[in-house]
Amino acid sequence: MTAQPSPSATRDDLHRGAPAGEPLLAATDLIAGYLPGVDILNGCNLVCHPGELVGIIGPNGAGKSTLLKALFGLVTIRSGSVTLQGEDITNHRADSLVRRGVGFVPQNNNVFPSLSIEENLQMGVFQAPKTFNERFEFIVDLFPTLGERRKQSAGSLSGGERQMVAMARALMMNPSVLLLDEPSAGLSPVRQDETFLRTRRINKAGVSVVIVEQNARRALQICDRAYVLDQGRNAYSGPGRQLMNDPKVIELYLGTLATDVESAAGKAADGPAVSTAKPLGGDPAL
Ligand SMILES: Nc1ncnc2c1ncn2[C@@H]1O[C@H](COP(=O)(O)OP(=O)(O)OP(=O)(O)O)[C@@H](O)[C@H]1O
């Protein structure tokens, strides 16, 4: 049996380790789904503060991608709210969210394969074409290879390179927050590592990031904080390294990777593992 949220969970329970102040992006008590009468999100909460890199992990089918899509207006929210800098953006259309500073990188089909890298990036600013040169400079600073290979067709790139183009395209509109849906999916371990490093680089360049990941261990290593979802609800939350080292989270959600996690924790620069994650809503009756 897994942790379940308590109706009386406080903000501190839900967003353990979050900085004080107004979040950049906040989702409160989201209920959403694809089919009438079938809820996939059953009261999800998430905040991302300016400059944060926030992860969403959890078992298959937990609703991680659905949460990201609901934030980006791609799944109808039936109840609850989403705010951006305090303003309500619940169920706003994706194109309007892009204009307001929300970027989204879907897991699949995220480049135009018949177009060059440069043309893909032009598509990223079709709502503000005059900004292309300035934004292209920013992108090339971040990912020099995209400048060197700007004329190459996106269809001829490797999976990891395509993912880089997809991220770059979303960055062309200068988002304040970037939503990444499983960017490491389908990549080899080395390419996954590169993708995580790129995500960190984007975040260090000043872009807040919310990342959904199946590779929970890696995601927790790079995130400031993370949310563990289970059955469309918040199960745990906390700083990435705390969750990574928490025996309950390891047992429930990191599974056989536990040995790796412990050895990574032993090497972590920020000291020994300390188990501080608490289930939301009390004893998960494990
Ligand atoms: N377009 C859709 N129409 C109907 N149901 C869907 C659709 N997309 C997802 N679902 C269902 O919603 C549930 C949650 O899916 P979601 O992709 O959000 O989970 P996830 O946590 O991201 O899982 P995974 O890690 O396996 O990708 C699943 O039961 C899935 O079958």
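Student: How do you know what span is expected for helix α8, and what does α8 reach?

Tutor: Keep in mind that this is a predicted model. Helix α8 covers residues 189–204, which makes 16 residues.

Student: What makes us say that the buried residues of α8 line one face?

Tutor: Those buried residues are Gln 192, Thr 195, Phe 196, Thr 199, Ile 202 and Asn 203. Looking down the axis of α8, they fall within an arc of 115°, so they line one face of the helix. The face turned away from them carries the exposed residues Val 190, Leu 197 and Lys 204.

Student: And what covers the buried residues of α8?

Tutor: The cover includes strands β3, β7 and β8, along with helices α5, α7 and α9.

Student: Phe 136 is in α5. Why is Phe 136 called buried?

Tutor: A residue is buried if 20 or more other C-beta atoms lie within 10 Å of its own. Phe 136 has 20 such neighbours, so it counts as buried.

Student: Which residues have the most contacts inside the largest nonpolar core?

Tutor: They're Ala 168, Leu 179, Val 210, Ala 226 and Val 228, in a core of 77 residues. Helix α7 gives the most to this core, with seven residues. Leaving out residues up to four places away in sequence, Ala 168 touches Leu 121, Ile 139, Phe 143 and Leu 146.

Key:
Residues are numbered from 1 along each chain as its sequence is written. This is a predicted model: local features need pLDDT of at least 70, side-chain atom pairs count only at pLDDT 80 or more; totals for chains, interfaces and linings use all residues. Helices (H or I, at least four residues) and strands (E, at least two) are DSSP runs, numbered from the N terminus. A residue is buried if 20 or more other C-beta atoms lie within 10 Å of its own, exposed if 12 or fewer, and partly exposed in between; C-beta atoms are placed from the backbone. The expected span of a helix is 1.5 Å times one less than its number of residues. The arc is that of the directions from the helix axis to the C-beta atoms. Two residues are in contact if their C-beta atoms, placed from the backbone, lie within 7 Å. A nonpolar core is a set of buried Ala, Val, Leu, Ile, Met, Phe, Trp, Tyr and Cys residues joined through C-beta atoms within 7 Å.
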